Amino acid sequence: MNRTTLYLIGAATALAAITGVAALTVPEAPSGDASATAARLPVKRSTLLCPAPTTSELAETTYTSFTPKGEVAGAAEQKSSAELRPAAPALEAGGPGSDKSGKEDDKDRKGGEAETRDVEEKPVVALKQPGTPATATTSASDAPAVIGTADGTLAPGWAAQQTTVIDAGNGRGVSGAACTAPDTEFWFPGASTARDRQDYVHLTNPDNSAAVVDLEMYGKDGMLKSTSGEGITIPARSSVPVLLSTLTAEPTTNVSLHVVARAGRVGASVQASDNKLGGDWLPAAADPAGSAVLPGIPSDASSVRLVAMATGEDDADLNVRLAGPSGRLTPAGHESLHVKSGMTTAVDLADVTKGEPGSLVLSPEEGSSSAPFVAALRVTRGKGDRQETAFIPATTSVEERATAADNRAKGSVLSLTAAGRTAQVKVISSAGSGGGSATSKSYTVKGGTTMTVRPQVPSGVKGNFAVTVERESGGPVHASRMLELPQGGVPMFTVQTLPDDRGTVAVPDAEQDLSLLTD
């Protein structure tokens with residue numbers, strides 16, 4: 001081995017130390033595959049953000065934190081922690097103390113810092129070990145947003161969720177939000193500024209310097225006029241809710257919200273409340289792409305609305321298919337969809353599942369360009385004044401592993417979609433937060449179908465448990481988890497998609513890549 005190779009191996013080792021990854025064996029890959037030159041190494045630090053859950057005095061929120069068990073080199077010697085801590089609640093944009101435009105007053109924004117209140121430093125919930133979830137419950141109407149960090153053996157695959165049950169009033173129902181990593185850009189097709197909706201986008205800044213965010217909204221005719229969606233300051237380690245209807249004078253039923261951080265990074269989630277249909281959290285959709293999978297439409301959905309927007313310069317012409325238990329179906333009257341560039345398109349698919357669970361698969365029409373778009377579904381269950389809604393955005397596939405942190409002995413339903421080739425997956429139910437033994441079961445999901453399973457309940461389970469999906473072989477798998485908590489004849493439910501947990505990162509193997517170099 002020559003000196004150049006040795007130097008580069010040392011550089012790769014230093015890079016691993018800087019980026020915070022630990023040792024892991026290199027996965028096998030076919031000859032000539034680019035992945036053969038990279039090791040998948042577990043991350044050593046993770047950040048997750050969750051919005052303030054509710055302002056209702058008739059609500060109860062459960063926080064759940066979980067890391068799957070895994071092999072990490074040197075685990076016995078590592079000090080590990082995973083804590084969700086309160087963010088400092090800043091003044092609400094468009095609320096008291098602001099200029100009603102979605103920005104803080106100039107006096108509050110001096111130096112990039114808006115007014116914040118003192119916040120207790122005690123963790124909301126602290127995870128102690130992999131494989132067993134930790135939970136905490138609050139009935140406070142002023143429960144804060146949370147900023148979480150995990151390191152050591154608790155970082156790879158760390159997941160957290162908040163589940164809120166509101167017994168009555170505006171937003172009545174179950175609202176579930178998976179805590180997400182900070183980023184600089186988000187898309188939310190399915191938001192609204194209609195008079196019967198109260199949609200807030202919650203912006204949470206995990207860092208020690210202020211972030212600056214721009215909000216853009218698009219309706220059926222293009223961008224909505226707004227004079228107050230630019231330059232919203234999110235103070236350090238704080239969270240700011242913005243009422244979308246205050247940003248425009250145009251009430252619009254179907255909106256695509258674009259969140260861009262021009263400085264710093266934030267977490268973003270939309271809290272959607274309907275006067276008649278309850279409410280839930282609308283998560284960000286997967287990044288714009290030429291195709292999409294929206295998994296987990298329940299079999300008893302009484303109404304399904306698809307909202308999409310082409311984000312590039314070209315229109316998107318899409319095939320619309322439903323992947324059901326026995327294969328792909330074409331929804332009658334909705335075989336295709338034309339989505340205009342920069343405009344939001346909405347189509348009501350009614351009871352598209354016809355009594356069977358399924359997932360929506362959107363792909364370019366033959367001969368059309370793969371124009372990038374974003375998409376989400378609003379799903380309604382129930383009838384009359386006993387209806388409840390949830391949202392299913394397009395999501396990325398489970399490359400290795402994904403977790404739904406909060407599950408109950410009754411009410412959890414897992415949807416697994418193999419949009420292409422047949423796939424094999426393992427579903428692991430963890431020990432309960434108060435005791436019990438983990439259990440697992442493997443499934444084969446046939447290509448072009450959606451399989452719905454109720455995760456096995458852990459033996460002797462006490463408290464909540466986590467459900468982890470591991471892709472073992474075959475084609476891509478898209479997944480979601482529905483949690484049903486019916487109450488008073490209302491089919492209260494929430495749906496969380498399960499994107500890959502990104503518990504590992506690819507680090508180039510300098511010896512493999514560069515061993516042919518000479519001095």
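Not counting residues up to four places away in sequence, Ile297 touches Val304, Leu322, Val352, Thr353, Pro357, Gly358, Leu360, Leu377 and Ile392, where contact means heavy atoms within 4.5 Å. The structure is a predicted model, in which local features need pLDDT of at least 70 and side-chain atom pairs count only at pLDDT 80 or more, while totals for chains, interfaces and linings use all residues. Residues are numbered from 1 along each chain as its sequence is written, and side-chain values use heavy atoms, with hydrogens and water left out.

Ile297 is also one of the residues that touch the most other members of the largest nonpolar core, together with Leu294, Leu306, Leu360, Leu362 and Leu377. A nonpolar core is a set of buried Ala, Val, Leu, Ile, Met, Phe, Trp, Tyr and Cys residues joined through side-chain atoms within 4.5 Å, and buried means under 20% relative accessible area, as against over 50% for exposed and in between for partly exposed (1.4 Å probe, protein chains only). This core has 31 residues, and its largest share, five residues, comes from strand β21 (residues 301-310). Apart from it lies another core, of 27 residues, which includes Phe188, Leu215, Leu224 and Val255.

The chain has three helices and 39 strands, taken as DSSP runs and numbered from the N terminus (helices: H or I, at least four residues; strands: E, at least two). Of its 519 residues, 53% count as buried, and of the contacts with a separation of 6 or more, 81% are between residues 24 or more positions apart.

Two aromatic pairs are present; rings of Phe, Tyr and Trp (its six-membered ring) pair if their centres lie within 6.5 Å, and planes under 30 degrees apart count as stacked, over 60 as edge-to-face and the rest as tilted. The rings of Phe186 and Phe188 are stacked, because their centres are 6.4 Å apart and their planes are at 25 degrees. Phe186 counts as buried at 8% relative accessibility, and Phe188 at 0%. Trp187 and Tyr218 form a tilted pair, with 6.1 Å from centre to centre and 35 degrees between the planes. This pair links distant parts of the chain, since Trp187 is in strand β11 (residues 185-191) and Tyr218 in strand β13, 31 residues apart. Trp187, at 7% relative accessibility, counts as buried, as does Tyr218 at 11%.

Pro206 lies in the loop between β12 (197-204) and β13 (211-219), and at 6% relative accessibility Pro206 counts as buried. Leaving aside neighbours within four places in sequence, Pro206 is in contact with Thr47, Leu49, Ile147, Pro182, Arg237, Arg265 and Val266. The C-alpha atoms of Pro206 and Arg265 are separated by 7.7 Å, although these residues are 59 residues apart along the chain.

Lining residues, which have an atom within 4 Å of a point, are here Leu49, Cys50, Pro51, Thr180, His202, Thr204, Gly267, Ala268 and Ser269. The elements that give two or more residues to this lining are β2 (45-50), β12 and β18, with β18 giving the most, three residues.

Key: 1 Å grid on protein atoms, 1.4 Å probe; cavity = no way out; pocket = protein on both sides within 12 Å on 5 of 7 lines; lining within 4 Å.
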